[in-house]
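Biologist: I'm new to this structure and would like a close look at a single part of it. Could you walk me through the strands and the aromatic rings around them?

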Amino acid sequence: MLKLYNGALRHSSRRCISLTACRNNEETNNRESATLKRIREELAKEKAALKWRKTNEEVGDVTTKLKYFANNEQTSDFILLMQRPFELNPKKWLAMWEKKKEKDERHMQKFLAERHEILGPDLATAHFILHRGGLVKFVNAQHWTKADEDNNFKVPNQYDPSFKLEAIRCDNMRLYYEGLENIRWLQHLKFASFHNVLSFDDWCLDRFSGSQCANLEVLDISGTQCTARGLSCLYRLHNLKLLIVNDPKESLEYELTCSMLQETLPKLKIVDAASVHNLQ
């Protein structure tokens with residue numbers, strides 16, 4: 001009996017100790033959860049205190065007509081502009097205005113997937129070029145298509161499989177790198193001219209050469225900023241037969257690059273712009 005009594009006593013004491021430990025753990029967890037909750041509330045208050053001030057439109061205050069000169073995006077360009085001293089030189093104002101126009105035009109020339117989905121690649125490219133003063137020619141067409149004085153042109157506004165681009169002329173256009181993404185997937189294109197496009201450089205040539213115009217035969221890059229480094233990307237155009245440049249012998253590097261390109265494309269002939277445009 002004594003042994004049974006001692007065993008029961010030890011068992012009950014152990015049970016009491018375990019219950020006490022559980023209660024202590026629960027109290028500790030409750031204290032920790034209360035502490036974490038208090039810390040989170042303090043952090044939320046500090047974040048609310050650090051929040052940027054609200055605009056007049058958010059607060060509901062009366063605004064003036066000067067709000068039209070404000071920049072809602074508050075980008076880094078706007079911050080840098082506000083940090084510069086006020087300029088009174090008309091030339092600098094004109095340069096700033098031209099830079100803004102270029103930025104806007106680059107944005108307007110960005111690729112629009114919706115236009116290509118509705119019109120298809122050929123008509124979408126035609127709309128893009130004609131709207132900016134260029135010329136296009138479709139397969140089996142007798143004449144070039146261009147916009148009139150009111151920037152109107154007779155080209156379908158919906159997909160028509162009978163309209164396939166055969167040639168494009170972007171001469172003297174204000175064409176940027178962003179806009180070249182609209183000139184792609186033209187399986188019937190055989191002629192492309194970027195004559196006197198001053199913003200057309202090696203990067204633009206690289207983008208155009210990779211735009212999946214596999215049947216291109218004639219390319220005019222005279223009057224552009226393309227250098228010998230840019231010519232190396234033309235190996236992608238396997239069917240290219242005529243390349244028009246400013247002068248194939250303008251430098252030793254340029255002449256060597258032209259020779260290497262002709263070795264890669266045996267059918268290619270490279271001529272200077274004077275021998276072509278003077279005849280036109």
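Modeller: Here is a walk through the strands first, and then the rings.

Keep in mind that this is a predicted model. Let's start with strand S2, which covers residues 165-169. Is S2 mostly buried or exposed? Four of its five residues are buried, so the rest of the structure largely encloses this strand.

Now for the neighbours of S2. Strand S1, residues 135-138, pairs with S2 in the antiparallel sense, with four bridges between them. If you look for phenylalanine 138, you'll find leucine 165 of S2 standing opposite. S2 is also joined to strand S3, residues 191-193, this time by three bridges and with the strands running parallel. There, arginine 169 has serine 193 in S3 as its bridge partner.

On to the rings. You describe a pair of aromatic rings by how far apart the centres are and by the angle of the planes. The count here comes to four aromatic pairs. Phenylalanine 138 has a relative accessible area of 6%, so it counts as buried, the limit being under 20%. Phenylalanine 163 comes out at 26%, and that makes it partly exposed.

Another pair is made by tryptophan 144 and phenylalanine 191, again edge-to-face, with 6.2 Å centre to centre and 75° between the planes. This one links distant parts of the chain: tryptophan 144 is in the loop between S1 and S2, phenylalanine 191 is in strand S3, and they are 47 residues apart. Tryptophan 144 is partly exposed at 34% relative accessible area, whereas phenylalanine 191 is buried at 18%.

There's also a cluster to look for: Phe194, Phe200 and Phe208 are linked by ring pairs.

Finally, have a look at two arginines over ring faces. Arginine 184 lies over the face of phenylalanine 111, 4.1 Å from the ring centre. Arginine 207 does likewise with tyrosine 177, lying over the ring's face at 4.0 Å from its centre.

Terms used: Residues are numbered from 1 along each chain as its sequence is written. This is a predicted model: local features need pLDDT of at least 70, side-chain atom pairs count only at pLDDT 80 or more; totals for chains, interfaces and linings use all residues. Side-chain values use heavy atoms; hydrogens and water are left out. Buried means under 20% relative accessible area, exposed over 50%, partly exposed in between (1.4 Å probe, protein chains only). Helices (H or I, at least four residues) and strands (E, at least two) are DSSP runs, numbered from the N terminus. Two strands pair if DSSP finds at least two bridges between them. Rings of Phe, Tyr and Trp (its six-membered ring) pair if their centres lie within 6.5 Å; planes under 30 degrees apart count as stacked, over 60 as edge-to-face and the rest as tilted. A charge sits over a ring if NZ of Lys or CZ of Arg is within 6 Å of the ring centre and within 35 degrees of the ring normal.
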